[in-house]
Amino acid sequence: MLLTIDVGNTHTVLGLFEGEEVIEHWRLATDARRTADEIAVVLQGLLAQSPLLKGADIHGIAICSTVPSVLNEMREMCRRYYGDVPAVIVEPGIRTGVPVRMDNPKEVGSDRIVNALAAIDQYGGPCIIVDFGTATSFDAVSAKGEYVGAVTAPGIEISVDALAAAGAQLHKVELVRPRSVIAKNTVEALQAGIIYGFAGQVDGIVERMTAELADDPDEVTVVATGGHAGLVVGESRSIDVHEPWLTLIGLRLIYHRNAV
């Protein structure tokens, strides 16, 4: 089995592949203070508690990270506890097959490239990936499979925290769809503003991006991923596909391109 690990600023998502299928997955809080030994304990605990994995062996590991300190500990964890297992870490020098057409390609996060590869493989190009993470990221991929640009906006969680911190009578609310857009109480008013506001933001940005990305907007596939994608997908007019494991799929593809 192939273990894939996507370390984000807020959450770390792990997935186990059997062939091309994700058969088990977990979502953890990203903790930059966690050591290699602690990561190994958590990982081995997760693997041990899954009834699907009794007696199963990990034959490979693929990792990408937007948090350098965590990446360093992940690298050490692989060396100490999985030294006989081939590991591919997405960093400069790794073959991705995705040309990056940016002013400074080194600025592009590894997860963005991984997502671009997965989207092209699964849906073809041109496409736009909307990743609902710590930030809401919009990545544009050309018909040729090139990463050609991006838009970055504050994420849902950041926006909710900022609103609760700045408003004396406002507080964090459960992120669920309210009964109606025109709310009758403060909680549902906040929920409506968050969910419908972000859906409108997505539609507006995607419309402008598709106009620049292709002559025919219908040629562009819009793929949603990330922890909060499920909140917005049903309210957005522009999202075509919801793929929660897009980054993990990309890691699987990169592993097979680079593993010896």
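**The annotated aspartate and its surroundings**

Modeller: Asp131 is found in strand β6 (residues 127-132), where helices (H or I, at least four residues) and strands (E, at least two) are DSSP runs numbered from the N terminus. The model is a predicted one, in which local features need pLDDT of at least 70 and side-chain atom pairs count only at pLDDT 80 or more, while totals for chains, interfaces and linings use all residues. Residues are numbered from 1 along each chain as its sequence is written, and side-chain values use heavy atoms, with hydrogens and water left out.

UniProt, in an unreviewed entry, lists Asp131 under "binding site"; its positions are given in the numbering used here, feature names are shortened, and annotations may be inferred rather than shown by experiment. With a relative accessible area of 11%, Asp131 is buried (buried means under 20% relative accessible area, exposed over 50%, partly exposed in between, with a 1.4 Å probe and protein chains only). Beyond its neighbours within four places in sequence, Asp131 is in contact (heavy atoms within 4.5 Å) with Arg112, Asn115, Thr136, Ser137, Thr225 and Gly226. With one of these, Arg112, the side chain of Asp131 makes a polar contact to the side chain at 2.8 Å; a polar contact is a pair of N or O atoms within 3.5 Å, where within protein one must be able to donate a hydrogen and the other to accept it, and residues adjacent in sequence count only if both atoms are side-chain atoms.

The structure holds 11 salt bridges, each being a side-chain nitrogen of Lys or Arg within 4 Å of a carboxyl oxygen of Asp or Glu. Arg112 also forms one with Asp139, the closest N and O atoms being 2.6 Å apart. That pair links distant parts of the chain, with Asp139 in strand β7 (residues 135-141) and Arg112 in helix α3 (residues 110-123), 27 residues apart. Both Asp139 and Arg112 are buried.

Elsewhere, Arg177 forms a salt bridge with Glu235, with the closest N and O atoms 2.8 Å apart. Because Arg177 lies in the loop between α4 (156-166) and α5 (186-213), and Glu235 in the loop between α6 (229-233) and β10 (241-242), this pair ties together parts that are 58 residues apart in sequence. Arg177 is exposed, at a relative accessible area of 53%, whereas Glu235 counts as partly exposed at 23%.

Glu188 forms a salt bridge with Arg179, the closest N and O atoms being 2.9 Å apart. Returning to the annotated position, salt bridges that share partners join Asp131 with Asp111, Arg112 and Asp139 into one network.
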